[in-house]
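The structure comes first, then the notes by topic.

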Amino acid sequence: MLILLFLALVIVSDVRAAILVEVGESKIIGKEFKRAKVEFFGGIPFAKPPLGKLRFQPPVLVKSPHSETLHADSFGPGCLQATSSPDTVSEDCLTLNIFRPRGTSDDDKLPVMVWIYGGIFIVLISNFESVIEAGSASLYNGTGIVAHSIERGTPVVFASFNYRLGPLGFPQGVEAGQHKILNLGLKDQLVALEWIQENIAKFGGDKSKVTIFGQSAGATAISIHLRETKIQSLARAAILESTPVGPIYGPERNEASWQRFVAATPACASLANTGRTIDCMRSVDTQSIFQALNVAEGVSSSAFQPVIDGPGGLIVDRPSQVVSQANLPLLIGANLDEGTLFTSQHTNSTDQILTFLTTSTSPSIVSPAQQAEVIDQILKLYPDNPAFGSPFGTGNDTFGLSSQYKRLSAIFGDFIIQSTTRTIQQDTSKAGVKVFGYLFTDPDGVAIPGLANPNAAPGSIGVPHSAEIFYIFDTLANRTPTAVALGRIMRDYWISFATSLDPNDNHGNTKRAYILLLRLLSVVDLQQGPRWRQYTDKDQSIMELNGHHTKMILDNFRAPQISVFQDNPNTLHR
């Protein structure tokens, strides 16, 4: 999700002898990290390279590598994307990675945690002042999670994979709809999970104990998969961190963005507005596609997202119109200030907020008068008063910015993420499915380079989208005692849920003796221990994850405001 290059590859350097696993006719040779007691296998192909005639086509499963020997001692390249480091990306990117405890055998049948990265499905998004997001499995090192699982006595296997992004993963426009080549990145994910079902036992994993977990676009993808039944054969539980779901449309809405992408590809530019572009775009070389990604206006934008693909597709209709079919146990939550990372610090007027709300919900499926009425209601519920804005809890401080910045940050976060999270929690619990909800509010791990816009006004970001990732993957740079302790607690919760379908398995930091020690150190609340209660229709409580006061709270913050987004799915096209 965020640019984690400076910390995601912190793998201990003392590599020992190569490790070998046989998959089909191929020998996959990984490596061992002695200090962490973790074995790693990277860059394993799970689908045929989506090149040539397979570009803009659904993925084709590869059950085992074609080569007799695969040296899998490093991550494969990320999927092709706009980047200043072209040597780190490739169209031949559909690979996965596996981390496991040292000495794991194919008889161990360990629970499996499968990570799906974020990045808004487009790889790069500009927050007006800086690039803040990126998507590749190589940015997320599973060593810390596996090492922690060993330490607590509940070992797991960690897996991650790449999936196509931007125009290659999410083609747009009328022609893409006619060719039925939509949502290819989501289909990549399902094929990767199929490969894991086929082969994870050879790495010591139990295919019946797979938990998928993801953040941002990764969590959105999981929420989409949960609306279909296929995921039930691929996973038994899911963890969703900060799930953005905005208005969703069919592919025709983004016809102009697709045409700009084609127009930026010299060999196909003359066909950009003819409705006959796919064959030409399949014939050009990768370098031409890469150049188009880097220069086409609007390619690194929200246009290249999952779209409604109708009956037989993965997104048959708007989320509000589709009942979840999978009913997997969930651990789900969001961060305190989800909107700050995506809001321009140049925001200074109500007109800009009106433009955001009107543009993102148009064309509306209700009358213009109804649309205007709901937008007016939103503006009244989020007044231009900095005390009510995000970052929350900062009073009248505007950090030298317009108060409208805090206003739009609050609207964006609640509209796109908080209301989605609350709706999923409520709907899933009402269906009788086990749910554990959280709100991440810890500020300590945020003060590090690269997490937020480096030009942001000091204090103006709060606890933003993606801040929790550093705690989960044990990649904190600002390692205050409370943040380190909270990171351990969070990894315990996540691993416990993956191994037992309950975050309270009494291992690791959930052991009573450790909890008492943390209380003495004032790391957790003195009155309430960090036992995580299930979210139910009668007890809508969530865990506040904060190194200074981890505790259960009611899920009723900003109830009137968040309800306006929950109660108007037609106006908001959700």
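**Burial, rings and helix packing**

His-225 counts as buried because its relative accessibility is 3%, where buried means under 20% relative accessible area with a 1.4 Å probe and protein chains only. This is a predicted model, in which local features need pLDDT of at least 70 and side-chain atom pairs count only at pLDDT 80 or more, while totals for chains, interfaces and linings use all residues. Residues are numbered from 1 along each chain as its sequence is written, and side-chain values use heavy atoms, with hydrogens and water left out.

**Surroundings of His-225**

- His-225 belongs to helix H6 (residues 217–225); helices (H or I, at least four residues) and strands (E, at least two) are DSSP runs numbered from the N terminus.
- Leaving aside residues up to four places away in sequence, His-225 touches Leu-186, Gln-189, Leu-190 and Ile-231, a contact being heavy atoms within 4.5 Å.

**Aromatic rings**

- The whole structure holds 29 aromatic pairs, counted when the ring centres of Phe, Tyr and Trp (its six-membered ring) lie within 6.5 Å.
- The Phe-56 and Trp-258 rings have centres 5.6 Å apart and planes at 70°, so this pair is edge-to-face (planes over 60 degrees apart; under 30 is stacked and the rest tilted).
- This pair links distant parts of the chain, 202 residues apart: Phe-56 is in the loop between strand E3 (38–45) and strand E4 (69–71), and Trp-258 is in helix H7 (residues 255–263).
- Phe-56 and Trp-258 are both buried.
- One aromatic cluster is formed by Phe-33, Phe-40, Phe-75, Phe-99, Trp-115, Tyr-140, Phe-158, Phe-213 and Phe-473.

**Charges over rings**

- Arg-253 has its charged end over the ring of Tyr-249, 4.0 Å from the ring centre; the criterion is NZ of Lys or CZ of Arg within 6 Å of the ring centre and within 35 degrees of the ring normal.
- The face of Phe-557 has Arg-422 over it, at 4.6 Å from the ring centre.

**Helix packing**

- Helix H10 (residues 350–360) and helix H11 (residues 368–381) have axes that come within 11 Å and cross at roughly 130°, the axes being lines fitted to C-alpha atoms over the stretch in contact, with angles from 0 to 180 degrees between N-to-C directions.
- Thr-350, Ile-353, Leu-354, Leu-357 and Thr-358 of H10 meet Gln-371, Ile-375, Ile-378 and Leu-379 of H11.
- H11 also packs with helix H16 (residues 559–566), at about 160° and with axes 10 Å apart.
- H11 is therefore roughly antiparallel to H16.
- On the H11 side the contact is made by Gln-377, Ile-378 and Leu-381, and on the H16 side by Pro-560, Gln-561, Val-564 and Phe-565.

Terms used:
Buried means under 20% relative accessible area, exposed over 50%, partly exposed in between (1.4 Å probe, protein chains only). Angles under 35 degrees count as roughly parallel, over 145 as roughly antiparallel, 65 to 115 as roughly perpendicular and the rest as oblique.
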